[in-house]
Amino acid sequence: SKTRGHDDTPAKQALFRQEATYTLLAGRNFFKNDPYYNPNLSLVEAYKLANPPRTVWPWRRHALLHGEPIRVLMLSVTHQVGHGVAVVVDIQAQHLLKSGFEVFIGGPKNGNEFSYPGCQRVAVEDPAEAARIAFELRIDCVIIHTPPFFSTLRWIGGSIRSVVVDYGEPNPEFFKDADLRRIINAEKQFCVPMADRIVGISEAVKAESGIASMEVIRLGNSHLAVWHGQSDVRVKVRQRLGLEGAFVVLNVCRFHHAERSYKGVDQYELFAEEFRLGYPDLASNTVFVLCGKADPKDVEEMTRSGFMVKANVTDQEMVDLYAAADCYASFSQWEGYNLGIGQAQAMGLPVLASDIPAHRE
């Protein structure tokens, strides 16, 4: 600091994070297993005991060598139906169970959660607490999906393997709590390079992260429903929904008030309004549908805007909406990977989308 001063400007702080990322990626094993620092000592307070310690249970290694299943702790801040992250956690958990792993699901308890059959649910709010729980449960690997749990990597040692699944983060400027989101993003950027394996959900997320070693595993996989031309299903669904003879435009996304701008719902609303003004004859036969997770007040507001609103639907109800639709539209300002567009393409729908990297991908 004698030559460059302290990290007291955004530019210097950004440079520090960039250099920290490089250093952590280049020397990950050293930082996780420092041979000159006792793993029983804290990384936070000098001369204090670590909580949890970063030591290895010797009998755990013995148990694994003799056939005991590998224990995995999956961490996410949300496990609610309607959130894309929870969908991925559920798919990964079921695959791991079938492969013989023992799976624990960690994070805050929410209402309307995925049931995660066969998994053990662990209530945990804090990343340091998650590290302690991982030690106490003798977890062999943590898989981290969302903030704040990237910080768990600060406390676990080399005896617990770690995987980060990076969904990317929207620009903080889209939200009223932008300053807090910048702090959260900076912490994530610092901690992610500590993981043993880093997986992104798209090339767009990888480019955004700046981590060249990130692997890409896209979300568009076998859980998507595929349209096989079952015209009788389409006819029945359209009859039930009162859409006979209409041209149906569908958009699927969360549309809570705080998320409408970055999810492009405001643009979708403007698009529908301008379409009705510019093409009144066509508009009289066009139905704009908005489907996704929302509260009653959100439903009321979007219904007043002229949308057919379907909130908090089941998976089957959502598939029915895709089957009933003629076109898919998404004007989202940021996505890690747009699963709604992936589903629309799996169902053979033409797609109208905003020009962002994840949509082009």
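Mentor: Let's begin with S11 and strand S12 (residues 351-353), which pair in the parallel sense over three bridges; please keep in mind that this is a predicted model.

Trainee: Which residue in S12 is the bridge partner of tyrosine 328?

Mentor: The partner of tyrosine 328 there is valine 351, and on the way from S11 to S12 the chain passes through helix H13 (residues 339-346), making a β-α-β crossover that is right-handed.

Trainee: And what stands opposite tyrosine 328 in strand S8?

Mentor: That is leucine 250; strand S8 (residues 247-252) pairs with S11 over two bridges, in the parallel sense.

Trainee: Are the faces of S11 covered or open?

Mentor: Both faces of strand S11 (residues 327-330) are covered, with Cys327 and Ala329 buried on one side and Tyr328 and Ser330 buried on the other.

Trainee: Switching topic, in what order do the seven strands of the open sheet run?

Mentor: The order is S3-S2-S1-S4-S5-S6-S7, with parallel pairing, and the edge strands, S3 (120-123) and S7 (215-216), each pair on one side only. Within that order, strand S5 (residues 161-166) is joined to strand S6 (residues 197-200) by four bridges, and aspartate 166 stands opposite glycine 200 in S6.

Trainee: Which residues is aspartate 90 in contact with, leaving aside its neighbours within four places in sequence?

Mentor: With those neighbours left aside, aspartate 90 is in contact with Phe114 and Tyr116.

Note on methods
Residues numbered from 1 in each chain as written. Predicted model: local features only at pLDDT ≥ 70, side-chain atom pairs only at ≥ 80, totals over all residues. Heavy atoms only, no water. Contact = heavy atoms within 4.5 Å. Pairing = 2+ DSSP bridges. Buried < 20%, exposed > 50% of the residue type's maximum accessible area, 1.4 Å probe, protein only. Right-handed = clockwise from strand over helix to strand, strands pointing away.
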